[in-house]
Amino acid sequence: MVELVRGGPEADLDDASGLAAMLKAGSAVRLYPGRAFLDGTPEAAALFDEIVETTERWLEEGVRAGRVHPSDDPRARAAVYVTWLLAPLTFGEHLSRVLRSGDLPETDQTLRSSRAGIEIFTRGLFADDRVLGAWDAVRKERGSR
């Protein structure tokens, strides 16, 4: 299932053909995982865990190759990243409404919303590290990880 969502083992998400393959493969199954993750079945949990594990490996390969910044907590990063990427499966109707893209083909809607997410991941959102510093200070004060 993970390979289908990623566009198959040959899909390279760093180039246009890999992205096109992933989007084409994902169209057929897009609604099913969103509903399944909300149902909370053991199968959905296993699928989510598999996607997180695959993503964690993929991100760590990216760190080694210099395409991805290192993380203090690679597992948490992968889990949050996957959750953010899967959110449109659940909130797709709301995204379409807010972005007024309901009349666009599904792939075009996906490209628009995912482009915004990739921009955030690539360029960052905050201009400095004040928010991160505040989070770290609270975490340190609480003695949590």
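This is a predicted model: local features need pLDDT of at least 70, side-chain atom pairs count only at pLDDT 80 or more; totals for chains, interfaces and linings use all residues.
## Around T55 in helix α4

T55 is found in helix α4. Setting aside residues up to four places away in sequence, T55 touches A78, Y81 and V82.

Helix α4 covers residues 42-65 and has the highest mean pLDDT among the elements of the chain, at 93.

## Y81, seen from helix α5

One of the partners of T55 is Y81, and Y81 lies in helix α5. Is Y81 buried or exposed? With a relative accessible area of 15%, Y81 is buried.

Which residues does Y81 contact once its neighbours within four places in sequence are left aside? They are T55, W58, L59 and F121. Y81 can also be placed relative to V52: the two are 29 residues apart in sequence, while their C-alpha atoms are 8.5 Å apart in space.

F121, a contact of Y81, has its place in helix α6. At 34% relative accessibility, F121 lies between the 20% and 50% limits and therefore counts as partly exposed.

F121 also belongs to a nonpolar surface patch of about 460 Å², made together with V80, W84, L85 and I118. Two elements give two or more residues to this patch: α5 (74-98) and α6 (106-123). The largest share, three residues, comes from α5.

## The span and end of helix α6

What follows α6 in the chain? The next residue is G124, and its phi is positive, near 85°.

## Confidence along the chain

The chain as a whole has a mean pLDDT of 81, with 79% of its residues reaching 70 or more.

Over residues 1-11 the pLDDT is below 50. In the model, this stretch still has 21 contacts beyond near neighbours in sequence.

Conventions
Residues are numbered from 1 along each chain as its sequence is written. Side-chain values use heavy atoms; hydrogens and water are left out. Patches are made of residues with over 30% relative accessible area and no salt bridge: like charges are joined within 9 Å, nonpolar side chains (Val, Leu, Ile, Met, Phe, Trp, Tyr) within 5 Å. Accessible areas come from the Shrake-Rupley method with a 1.4 Å probe; for residues, only the protein chains shown count as cover. A salt bridge is a side-chain nitrogen of Lys or Arg within 4 Å of a carboxyl oxygen of Asp or Glu. Helices (H or I, at least four residues) and strands (E, at least two) are DSSP runs, numbered from the N terminus. Buried means under 20% relative accessible area, exposed over 50%, partly exposed in between (1.4 Å probe, protein chains only). pLDDT is the predictor's confidence in each residue, from 0 to 100. Contact means heavy atoms within 4.5 Å.
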